[in-house]
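Colleague: Thanks for making time for this one. Could we walk through the model together, one question at a time?

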Amino acid sequence: MKSVALDQKFWKHFAKNIWEKQALALKNVKSGLLEMSAAEIFDLLVLYSDRCRKLNDPEGFKFYIDGFKAGPEDVLQVLPEKSDKSLLGYHQRMEAEFSDYCLVCDELLQVNLKKQHLLTDFTDELYRHVGFPNRFSEMGLYLGNYRQTPFGVHVDSCGVFSFPVVGTKNFRLWPAGYGEKHPALDRAFKYDKYKKDSVVIKAGPGDMVYWPSSAWHIAESDGSFSATWSLGVWVNQPHKEMFTDSLKDILSTKLGAKGDLPTTKFKSLHNKSGEVSELPQAYQDSLRTLQNLTSEELQEAFLKSWMKHISLQGFKTVPGVRLKLSYKSKIKLRSDRSLILWQQGVIKKNTYYFSFGGVLVESNSFPLLKLVQALNDRKAFVVGEFLKGKTAQADLKSLQTLADAGALSL
Ligand SMILES: [Fe+2]
């Protein structure tokens with residue numbers, strides 16, 4: 001294994017030669033993600049588990065016993081507790097009960113503002129070099145004494161970055177297309193006869209392993225305890241899907257109620273010879289709507305979809321917050337790094353669009369724009385300083401929508 005700092009030179013090399021092409025293993029990587037200690041991770045887990053217990057909902061956690069997924073009520077019983085004192089303490093409690101268990105916690109870092117930047121520092125650089133994901137990235141923590149990935153050998157539609165925190169992990173990888181050629185390997189736990197075509201990458205705390213979305217893989221261990229961060233960057237949404245989805249949105253708005261009709265009226269389906277030569281009226285009307293779309297309308301619609309997409313910051317979701325705003329609330333951005341995105345209407349210049357966490361707010365209020373700009377300048381202030389007069393009530397409602405999406409803190 002080579003030792004490389006994750007600097008610009010590394011990322012350039014990565015984007016050109018490694019990304020979606022081949023696996024990579026690095027020793028002693030310098031990254032904020034790896035600076036997080038096992039003790040800090042344990043505290044985060046307990047915090048998140050406490051929240052789940054309070055809400056009586058283990059959303060975000062998955063638990064596997066001997067490769068079988070446990071139901072939600074059972075998951076609540078096996079989450080880390082403060083009295084475990086450490087990851088190892090938790091493991092000892094679990095090990096006494098389960099000879100093969102795996103706890104997965106998705107999005108542990110995203111729910112924790114103080115540590116979130118450790119993840120976004122990494123993903124920001126990644127996206128800058130390989131592009132913003134059309135789908136999203138997901139960061140999960142995997143821990144347990146499981147000897148193999150609970151669902152066997154598989155291939156995902158995501159490239160994976162893996163960072164072991166405790167213990168040693170062995171990642172067994174097969175080349176692209178291998179599982180398709182050898183269907184018996186799919187979901188297999190026994191694969192001796194295919195081992196000769198695989199490589200095993202051994203990684204421990206401080207190391208980073210990457211494999212492309214095409215690699216068939218399984219994690220193996222000797223049954224001792226391990227904890228690993230795994231960042232999956234999904235690559236199964238091609239540009240054409242993004243583009244046609246945006247176009248679909250514009251068209252469904254433009255077609256209005258006519259777009260909802262479940263049947264199509266026609267004069268004749270075909271002539272005597274079977275020739276089809278005429279479009280039904282509904283098609284002719286919709287075609288005219290399509291032809292009449294101006295380049296400004298298209299520009300605005302695509303810009304809006306793009307802004308909404310990037311306001312999720314490359315993740316599946318941005319955790320919302322419960323925050324009831326009033327004119328007296330003193331607010332600031334929830335995170336200095338996560339601005340509320342905005343744009344001016346292309347067609348109507350006094351229309352503004354604001355976006356955070358995948359929600360989009362439309363407004364023609366200049367005071368609201370000023371307020372958002374002040375927030376993005378990292379200022380803290382009382383809502384009423386900006387929102388006054390007759391637009392104040394509507395503006396407060398728009399601001400509340402952005403607050404619900406997680407944009408603000410008090
Ligand atoms: Fe996987």
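Modeller: Gladly, and let me start with a term: two strands pair if DSSP finds at least two bridges between them. Please keep in mind that this is a predicted model.

Colleague: With that in hand, which residue is the bridge partner of Y352 in β15?

Modeller: Strand β14 covers residues 352-356 and strand β15 covers residues 359-363; the two run antiparallel and are joined by five bridges. Their hairpin has two residues between the strands, and G357 takes a positive phi near 55 degrees there. For Y352, the bridge partner in β15 is S363.

Colleague: Let's step back to the whole chain. What share of its 410 residues count as buried?

Modeller: The chain has twelve helices and 17 strands, and its C-alpha trace spans about 75 × 65 × 50 Å along the principal axes. Among contacts between residues at least 6 apart in sequence, 79% join residues at least 24 apart. Of the 410 residues, the buried share is 46%.

Colleague: Now the metal. Which residues coordinate the iron ion?

Modeller: Along the chain, the donors follow the spacing H-x1-D-x60-H. Two of them link distant parts of the chain: D156 sits in the loop between β5 (137-144) and β6 (158-166), whereas H217 lies in strand β10, 61 residues apart from it. At 2.1 to 2.2 Å, the iron ion is coordinated by H154 (NE2), D156 (OD) and H217 (NE2).

Colleague: What feature does UniProt place at residues 121-248?

Modeller: In the model, this span is 19% helix and 36% strand, and its end C-alpha atoms lie 34 Å apart. The UniProt entry is unreviewed, and the feature it places there is "domain: JmjC".

Colleague: On to the helices. At roughly what angle do the axes of α11 and α12 cross?

Modeller: Two packed helices are described by the angle between their axes and the distance between the axes. Here P367, L368 and L371 in α11 meet D395, S398 and L399 in α12, and α11 passes α12 in a right-handed crossing. The axes of α11 (residues 366-376) and α12 (residues 392-404) come within 9 Å, and the crossing angle is roughly 40 degrees.

Colleague: One more, about F10: is this residue buried or exposed?

Modeller: F10 has its place in helix α1 (residues 8-18). Leaving out residues up to four places away in sequence, F10 touches V4, A5, L24, L26 and M208. Its relative accessibility is 4%, and buried means under 20%, so F10 counts as buried.

Definitions and conventions
Residues are numbered from 1 along each chain as its sequence is written. This is a predicted model: local features need pLDDT of at least 70, side-chain atom pairs count only at pLDDT 80 or more; totals for chains, interfaces and linings use all residues. Side-chain values use heavy atoms; hydrogens and water are left out. UniProt positions are given in the numbering used here, feature names are shortened, and annotations may be inferred rather than shown by experiment. Helices (H or I, at least four residues) and strands (E, at least two) are DSSP runs, numbered from the N terminus. Donors are N, O and S atoms within 2.8 Å of the metal (3.2 Å for Na, K and Ca); water is not among the atoms, so sites may look incomplete. Axes are lines fitted to C-alpha atoms, for helices over the stretch in contact, and angles run from 0 to 180 degrees between N-to-C directions. A crossing is left-handed if the near helix is turned anticlockwise from the far one by less than a right angle, and right-handed if clockwise. Contact means heavy atoms within 4.5 Å. Buried means under 20% relative accessible area, exposed over 50%, partly exposed in between (1.4 Å probe, protein chains only).
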